[in-house]
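Reader: Could you take me through the contacts in this model, one question at a time?

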Amino acid sequence: MNGAGQPIRWSAPPLIANAWLRRSLIAGTVIYVMLALASLDVNWQRLAEGVPRAIRFVSAFFPPDFISRWSDIEAGLLESLTMTLTSTVVGIGLSVPIGVGAARNVAPRWVYFFCRSIIAASRSFQEIIVAIILVALVGFGPLAGFLTLSFATIGFLAKLLAEDIEAIDPSAPEAIRATGASYLQWLNYGIQPQIMPRLIGLSMYRLDINFRESAVIGIVGAGGIGATLNTAIDRYEFDSAAAILLIIIAIVMLSEYSSSWIRRKVQ
Amino acid sequence: MSSHGTTLRLRALSKRYRTGDLALDRVDLDVPAGQVMALIGPSGAGKSTLIRCVNRLVEPTSGSIVLGSTDITGLTPRGLRRARQRMGMIFQEYALVERLTVMENVLSGQLGSVGFWRSYFRRFPEATVRQAFAMLERVGLSDHIDKRADALSGGQRQRVGIARALVQNPEILLVDEPTASLDPKTSRQIMRLVCELCAEHGLAAVINIHDVQLAQLFVQRIVGLRAGRVVFDGPPGELNADVLTEIYGEEDWTASLGGKQAASSAQAALEVEEERLAGLT
């Protein structure tokens with residue numbers, strides 16, 4: 001069946017059909033990257049001087065000293081863990097109704113826009129900025145941290161939850177609606193089972209993020225292990241700082257493994 | 001559940017989608033109590049729209065729908081929920097809540113008559129639970145009560161869907177392509193089960209179905225829909241090549257009407273079929 005008129009070559013159609021547009025985009029990107037690289041004014045001499053300085057700085061972290069500041073570290077750690085857990089629980093509690101309200105397929109228009117703007121507000125402020133404002137509002141300490149992390153959790157969890165609800169398979173909810181179920185029953189039977197694994201997974205992930213963030217916002221005065229770390233660095237006690245960093249890494253790794261284990265279990 | 005009279009009455013029912021497509025064009029249809037009716041027609045003829053208009057999963061544009069003596073079109077949200085309880089629906093892709101157990105899926109048929117917290121904690125009234133157990137036994141799923149719905153085969157899932165619809169104690173079943181995702185043997189078993197249950201409970205049913213032969217085997221009346229209009233309405237025996245051409249368009253229909261010699265009496269065809277399947281099962 002080798003017809004005479006059949007073409008023998010075939011290549012996949014390009015992503016951008018217009019050849020002129022395609023070539024000028026490629027050329028433009030190459031030129032921009034070259035210009036940008038050329039504009040980086042690297043001072044090689046300064047870099048060479050900096051290397052031993054950096055080595056000295058890093059070596060001050062060794063050996064890590066867990067002992068001399070242990071009571072401070074312990075207190076900071078407990079504060080951080082408390083802050084993490086409470087803010088995650090409160091954050092989830094707030095995120096679930098907001099997330100449901102921000103899903104286009106289950107909420108009326110005006111609720112949708114209201115909830116979306118809460119999420120947008122929460123997402124547009126970085127944790128540190130929120131922490132600075134809240135420290136100014138409620139004073140130094142873990143309360144500011146707790147409020148910051150609760151607020152930040154909404155932007156993360158409610159947004160991803162809403163997107164998950166919007167992507168559900170509509171057939172089961174339709175069937176539940178057809179039984180004469182009320183709106184809340186419909187959410188409970190038609191929607192919730194489909195998003196539950198993801199909600200649990202995201203919550204575990206957020207717990208992990210909130211712990212890491214608690215270390216960061218402590219630096220601007222929101223309490224916890226971050227405050228302890230900041231104090232250690234301010235006092236040039238780099239060996240204690242190294243101990244704190246190692247503990248943070250260990251806890252983050254631990255929560256990483258346990259959360260991925262839990263996520264696998266609920267699939 | 002009166003054993004005589006009309007269960008469902010549609011008058012000048014029209015549905016125009018926002019895209020401008022006229023899915024239903026002034027459909028008049030009466031379904032007497034206890035009658036199992038098949039709705040056939042090509043894809044896009046409005047079959048699915050028609051049964052979804054009945055329980056207002058799709059809002060009709062104009063016309064009236066009367067179930068028993070209730071005008072469905074003019075109901076408040078609460079009234080609509082109560083009316084939906086009286087109509088059991090069975091779906092093409094089963095539409096089960098995959099991550100819930102078989103029992104939870106069946107009990108969800110009673111959501112309309114229990115309060116939110118009872119349903120939230122799965123504390124359904126004893127009578128409902130007893131009925132659900134009985135219904136699961138009737139459809140042959142007694143061994144799978146606590147399994148998750150997504151652990152079942154296609155035929156088993158559709159049985160759960162049937163049990164869920166029956167637990168509602170409906171007056172009519174709205175059945176949307178019940179066999180489209182099933183193999184031929186399971187399709188027949190499911191159709192037979194639906195029709196038997198309708199007979200046992202004196203239910204009327206509107207069954208959307210693609211498979212004309214299957215419809216002829218099991219139902220008492222066939223309504224053909226084309227482009228939103230009723231173009232055929234009669235007993236299965238009256239279906240012939242001309243009628244099928246009228247509904248679906250030009251095609252060689254001899255194979256689809258294979259059971260035509262027996263189809264003069266649909267009952268005879270049913271018996272032949274049952275005999276053959278007895279050997280299979």
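Reader: What mean pLDDT does chain B have?
Author: This is a predicted model, and its overall scores are ipTM 0.85 and pTM 0.80. In chain B, 90% of the residues reach a pLDDT of 70 or more. Over residues 260–266 of chain B, however, the pLDDT is below 50, and this stretch has 8 contacts in the model beyond near neighbours in sequence. For chain B, the mean pLDDT is 86.

Reader: Which residues of chain A lose the most area to chain B?
Author: The contact joins 21 residues of chain A to 29 residues of chain B. Between them the two chains bury about 2,000 Å², with 60% of that area on carbon and sulfur atoms. Three residues of chain A together account for 31% of what that side buries, and they are A:Thr179, A:Gln185 and A:Tyr189.

Reader: Which element of chain A gives the largest share of the side that touches chain B?
Author: Between chain A and chain B there is 1 salt bridge, in which the side chains of A:Glu174 and B:Arg52 meet at 2.7 Å, N to O, and the interface also holds 7 residue pairs in polar contact, both residues being at pLDDT 80 or more. On the chain A side, the elements giving two or more residues are helix 7 (171–178) and helix 8 (183–217) of chain A. The largest share, 8 residues, comes from helix 8 of chain A.

Reader: How much area do domain 1 and domain 2 of chain B bury between them?
Author: The domain assignment of chain B gives domain 1 as 1–86 + 172–252 and domain 2 as 94–169, and their C-alpha centres lie 24 Å apart. Their contact takes 16 residues from domain 1 of chain B and 14 residues from domain 2 of chain B. Of the area buried between these domains, 63% is on carbon and sulfur atoms, and the total is about 1,300 Å².

Reader: Which element gives the most to the side of domain 1 of chain B that touches domain 2 of chain B?
Author: Across this interface the rule finds 2 salt bridges, and the side chains of B:Glu196 and B:Arg138 meet in a salt bridge at 3.0 Å, N to O. The elements that give two or more residues to the domain 1 side are helix 2 (77–85) and helix 7 (184–201) of chain B. With 9 residues, the element that gives the most is helix 7 of chain B.

Conventions: Residues are numbered from 1 along each chain as its sequence is written. Chains are lettered from A and ligands numbered from 1 in the order in which they are written. Side-chain values use heavy atoms; hydrogens and water are left out. Domain bounds come from an automatic or database domain assignment. Contact means heavy atoms within 4.5 Å. Buried area is the accessible area (1.4 Å probe) that two parts lose on being put together, summed over both. A salt bridge is a side-chain nitrogen of Lys or Arg within 4 Å of a carboxyl oxygen of Asp or Glu. Helices (H or I, at least four residues) and strands (E, at least two) are DSSP runs, numbered from the N terminus. pLDDT is the predictor's confidence in each residue, from 0 to 100. A polar contact is a pair of N or O atoms within 3.5 Å; within protein, one must be able to donate a hydrogen and the other to accept it, and residues adjacent in sequence count only if both atoms are side-chain atoms.
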